[in-house]
Amino acid sequence: MKLFEHLEIETQGSCNRSCPTCIRQSFPARNHPLHKLRMPVTSKIGEGVKMPWKLFKKIIDQANDLGFKGSVCLQHYNEPLLDERLPELASYVRENLKGCHYLGACTNMDLINESLAEKLDGLFHQFDVALYMDEEKQVKREEYINSLFNKTKIHYTKGVHYYSHYYPSQDLAEVIKNANNKPCTYYNRQFIIAFDGTVLQCCDDYTGHFDLGNVKEKSLAEVWFSKKKRDLDSTLSEEGGRLNYEFCSICPK
């Protein structure tokens, strides 16, 4: 089993927005039975919680010791600019993860200003920016953001929305049916870690449905090369493999 090629770390659990199509707004508690999976949560998961500096450094150091060579994203379903430590976190990655050839993050850029941009410019290779606003305002906002960055590339996503398990505005029954027999290999090379250290199988696995472990207690190698992880990736890579897992059997992707 090859080492992961993409490392995604959610450095804190908050977001300043409440986009209706974001899984943060509609994800239910893990103990809900299957027929209640579309029930909204009453409070946001991870709100106000930061990943400890010590744990973040441990993750980066272990990835470096494993010979990691790939890309790093310092964001998951959170807003990375809410973490005032972001410049220092990014610097630690650039200085200590020798095999990292790309450092990025997805952000709404609501909180950007000249001072923060100066600290981040050149540390990140790219920011993927989602501006959910009308076209006239978006053009002006893009001009302002572009003026702040000279070294870091800014890529605008144009407000694309992707289906998730809990997409609230559409009945996904037919979409799920069409996806059921398709192999799922997209995440076989990704290592995703939530703000509390929980290892996630994929983006929709918002609270760790597969119990892969927590990097507070296990090393990156112990999780990645575990029999559970190997079996999971192997099964999901087969046609119809996702039907072996309740959570994957209702995935629209």
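How many aromatic pairs does a search of the whole structure find? It finds twelve, where rings of Phe, Tyr and Trp (its six-membered ring) pair if their centres lie within 6.5 Å. This is a predicted model, in which local features need pLDDT of at least 70 and side-chain atom pairs count only at pLDDT 80 or more, while totals for chains, interfaces and linings use all residues. Residues are numbered from 1 along each chain as its sequence is written, and side-chain values use heavy atoms, without hydrogens and water.

**Aromatic pairs and a charge over a ring**

- Phe127 and Phe149 pair edge-to-face, 5.8 Å centre to centre with 65° between the planes; planes over 60 degrees apart count as edge-to-face, under 30 as stacked and the rest as tilted.
- Phe127 lies in strand S4 (residues 126-129) and Phe149 in the loop between helix H5 (135-148) and strand S5 (153-156), so the pair ties together parts 22 residues apart in sequence.
- Helices (H or I, at least four residues) and strands (E, at least two) are DSSP runs, numbered from the N terminus.
- Phe127 is buried at 0% relative accessible area, and Phe149 is buried at 7%.
- Buried means under 20% relative accessible area, exposed over 50% and partly exposed in between (1.4 Å probe, protein chains only).
- Ring pairs also link Phe4, Phe68, Phe191 and Trp224 into a cluster.
- The charged end of Lys57 sits over the ring of Trp53, 4.8 Å from its centre; the criterion is NZ of Lys or CZ of Arg within 6 Å of the ring centre and within 35 degrees of the ring normal.

**Nonpolar core**

- The largest nonpolar core has 63 residues, of which Leu7, Leu74, Phe124, Phe149 and Phe191 touch the most other members.
- Such a core is a set of buried Ala, Val, Leu, Ile, Met, Phe, Trp, Tyr and Cys residues joined through side-chain atoms within 4.5 Å.
- Beyond its neighbours within four places in sequence, Phe191 has contacts (heavy atoms within 4.5 Å) that include Phe4, Leu7, Val199 and Trp224.

**Helix H2**

- The buried residues of H2 are Leu55, Phe56, Ile59, Ile60, Gln62 and Ala63.
- Seen down the axis, they fall within an arc of 165°, so they line one face of the helix; the arc is that of the directions from the helix axis to the C-beta atoms.
- They pack against strand S1 (6-9), helix H3 (86-96), S6 and helix H7 (220-224).
- On the other side of H2, Lys54 and Asp65 are exposed.
- Just after H2, Gly67 takes a positive phi of about 85°.
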